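User: Before I rely on any label in this model, I would like to go through how each one is assigned. Could you take me through the terms together with the values behind them?

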Amino acid sequence: MSRFAVETTPLAGLVSVQRQPLADSRGFLARMFCAQDLAPAGWTWPIAQINHTHTLQRGTVRGLHFQHPPAAEAKLVSCLRGAVWDVAVDLRAGSPTFLQWFGRELSAANHQALLIPPGFAHGFQTLADDCEMLYLHSAPYAPAAEGGLDALDPRLAITWPLPVAERSPRDAEHPLLTPAFAGLSLP
């Protein structure tokens, strides 16, 4: 019996994962990862790296981050404390949903996660103070392959639920999209 319910999203390959915790009077046990159960949802890679973030201030935006091929990575992203608006942007050239985004609230209370395949940028906005996120990565971080998009780019038109309270200097310097991005014409 799987401890995960999987829901497809409008962006092919991007999957919402609902953990099915076992609860009793003591609390709960929630399986965070199971290769066998998540393979049908698209996770077919080994886990190469696990990262944990803590964001102090409500309204903070982190991202949008990605790694260029051949270091492109899949991520399974979960919120362990607080709540975030988690966003993935399709960067796969030739995809019918190229540059479209999908957002979903992830929280400690709702036990949801996003399985983000290679070829997507990822970011989030904290909806509460003191948010903690857990990331399972299919590839190790490769500084030379690092990429980013400006989370406030009007061409992406991401609907962040709160006014942006803070971004890192690095994230604020990510470029806006240009017509040359991925060799395609942009509107």
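Analyst: Helices and strands here are DSSP runs, numbered from the N terminus, where a helix is H or I over at least four residues and a strand is E over at least two. With those elements set, Asp130 falls in the loop between β11 (120–126) and β12 (131–137). This is a predicted model, in which local features need pLDDT of at least 70 and side-chain atom pairs count only at pLDDT 80 or more, while totals for chains, interfaces and linings use all residues. Residues are numbered from 1 along each chain as its sequence is written, and side-chain values use heavy atoms, with hydrogens and water left out.

User: Why is Asp130 called partly exposed?

Analyst: Buried means under 20% relative accessible area, exposed means over 50%, and partly exposed is what lies in between, using a 1.4 Å probe and protein chains only. Asp130 has 32% relative accessibility, so it counts as partly exposed. Asp130 also has a positive phi of about 55° although it is not a glycine.

User: What makes Ala157 partly exposed, and where is Ala157 found?

Analyst: Ala157 has 48% relative accessibility and therefore counts as partly exposed. Ala157 is found in the loop between β13 (146–148) and α2 (169–172), and its phi, near 55°, is a positive value in a residue other than glycine.

User: Why is Thr97 called buried?

Analyst: The relative accessible area of Thr97 is 11%, so Thr97 is buried. Thr97 lies in the loop between β8 (83–90) and β9 (101–107).

User: What makes the pair Thr97 and Asp90 a polar contact?

Analyst: A polar contact is a pair of N or O atoms within 3.5 Å; within protein, one must be able to donate a hydrogen and the other to accept it, and residues adjacent in sequence count only if both atoms are side-chain atoms. The side chains of Thr97 and Asp90 are joined by a polar contact of 2.5 Å. By the separate criterion of contact, heavy atoms within 4.5 Å, Thr97 touches Pro10, Leu11, Asp90 and Arg92, leaving aside residues up to four places away in sequence.

User: How do you know that Cys79 is in no disulfide?

Analyst: A disulfide is a covalent bond between the sulfur atoms of two cysteines, and here the term is applied to a pair of cysteine sulfur atoms within 2.5 Å. The structure holds zero disulfides. For Cys79, the nearest cysteine sulfur is that of Cys131, 5.3 Å away, and Cys79 is in no disulfide. Cys79 has a relative accessible area of 1% and is therefore buried; Cys34, at 17%, is buried as well.

User: What makes β11 mostly covered?

Analyst: Seven of the seven residues of β11 are buried. On one side these are Phe120, His122, Phe124 and Thr126, and on the other Ala121, Gly123 and Gln125, which leaves both faces of β11 covered.

User: How do you know that β11 pairs with β6 and with β8?

Analyst: Two strands pair if DSSP finds at least two bridges between them. β6 and β11 have four bridges, in the antiparallel sense, and Gly63 has Gly123 of β11 as its bridge partner. β8 and β11 have seven bridges, also in the antiparallel sense, and Ala88 stands opposite His122 in β11.

User: Which peptide bonds are called cis, and with what omega?

Analyst: A cis peptide bond joins Gly63 and Leu64, with omega of about 20°, and Leu64 is found in strand β6 (residues 61–67). The bond from Pro69 to Pro70 is also cis, with omega near 10°, and Pro70 lies in the loop between β6 and β7 (75–81).
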